[in-house]
Amino acid sequence: MNKFYEYKKCTTCRKGKKYLEEQGVDLEVIDMVEEPPSEYELKDIISKADNYEIDQFFNTRGKVYKELGLKEKLDDLSFDEKIELLTSNGMLIKRPMLVTEKGVILGFKEAKYDELLEL
C-alpha cells in the first residue's frame, strides 16, 4: 500500500493527493501532524529513500523549524537526534511525503510521482 503523509491545510499536499487519486493510485492517507511516523517507521522510510539524506526530510521553510533554530543546529545533531526531532512534531517533516515499496518522494512533482509509480 502506498502511504501519503500530508498536512490537511497544505495546498501542495492537497494538489499531490488529488493528482494521485485522479491517476487511480490506492493511498493510505496519514495526517502527519496528528499522527507523525514513529521512530521505527521513519527509519524504515529513510532506508527506502535512496535519493534523500535525513536532512532533506526537514521542512526548512516551516515555522517550527525556524522557531527551533534548526538551521544553525542541524549539522551538530546525530542521526538519532534528528529522527527524534522529526517524529516529535509532524510539522518538521517536509510534505507531502509519498512512501511506496519502490521508494520515497518528498514534496509534489508530477514527473517524480509518475516515474516512481510508473504512471
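This is a predicted model: local features need pLDDT of at least 70, side-chain atom pairs count only at pLDDT 80 or more; totals for chains, interfaces and linings use all residues.
Arg-95 is joined to Pro-96 by a cis peptide bond, with omega at about -10°. If you want to find Pro-96 on the screen, look in the loop between H5 and strand S3, which covers 97-99.

H2 runs over residues 39-48 and H5 over residues 79-88. Their axes come within 9 Å and cross at roughly 115°. Is that crossing left-handed or right-handed? For H2 and H5 it is right-handed. On the H2 side, the residues in contact are Glu-39, Leu-42, Lys-43 and Ile-46. On the H5 side, they meet Phe-79, Asp-80, Ile-83, Glu-84, Leu-86 and Thr-87. Taken together, the residues of this contact come to five nonpolar, one polar and four charged.

The other pair is H1 with H6. H1 is residues 11-22, and H6 is residues 110-117. Here the axes come within 11 Å, and the crossing angle is roughly 40°. H1 and H6 are therefore oblique to each other, and H1 passes H6 in a right-handed crossing. What does H1 bring to the contact with H6? From H1 there are Gly-16, Tyr-19 and Leu-20, and they meet Glu-110, Tyr-113, Asp-114 and Leu-117 of H6. This contact divides into four nonpolar residues, one polar and two charged.

Last item: the segment after H6, where Glu-118 is found. Glu-118 is not a glycine, yet its phi is positive, at about 55°.

To recap the two backbone details, look for the cis bond between Arg-95 and Pro-96 and the positive phi at Glu-118. For the helices, the pairs to look at are H2 with H5 and H1 with H6. That is all I have.

Conventions:
Residues are numbered from 1 along each chain as its sequence is written. Side-chain values use heavy atoms; hydrogens and water are left out. Axes are lines fitted to C-alpha atoms, for helices over the stretch in contact, and angles run from 0 to 180 degrees between N-to-C directions. Helices (H or I, at least four residues) and strands (E, at least two) are DSSP runs, numbered from the N terminus. Angles under 35 degrees count as roughly parallel, over 145 as roughly antiparallel, 65 to 115 as roughly perpendicular and the rest as oblique. A crossing is left-handed if the near helix is turned anticlockwise from the far one by less than a right angle, and right-handed if clockwise. Contact means heavy atoms within 4.5 Å. Ala, Val, Leu, Ile, Met, Phe, Trp, Tyr, Cys and Pro count as nonpolar, Asp, Glu, Lys and Arg as charged, and the others, Gly among them, as polar.
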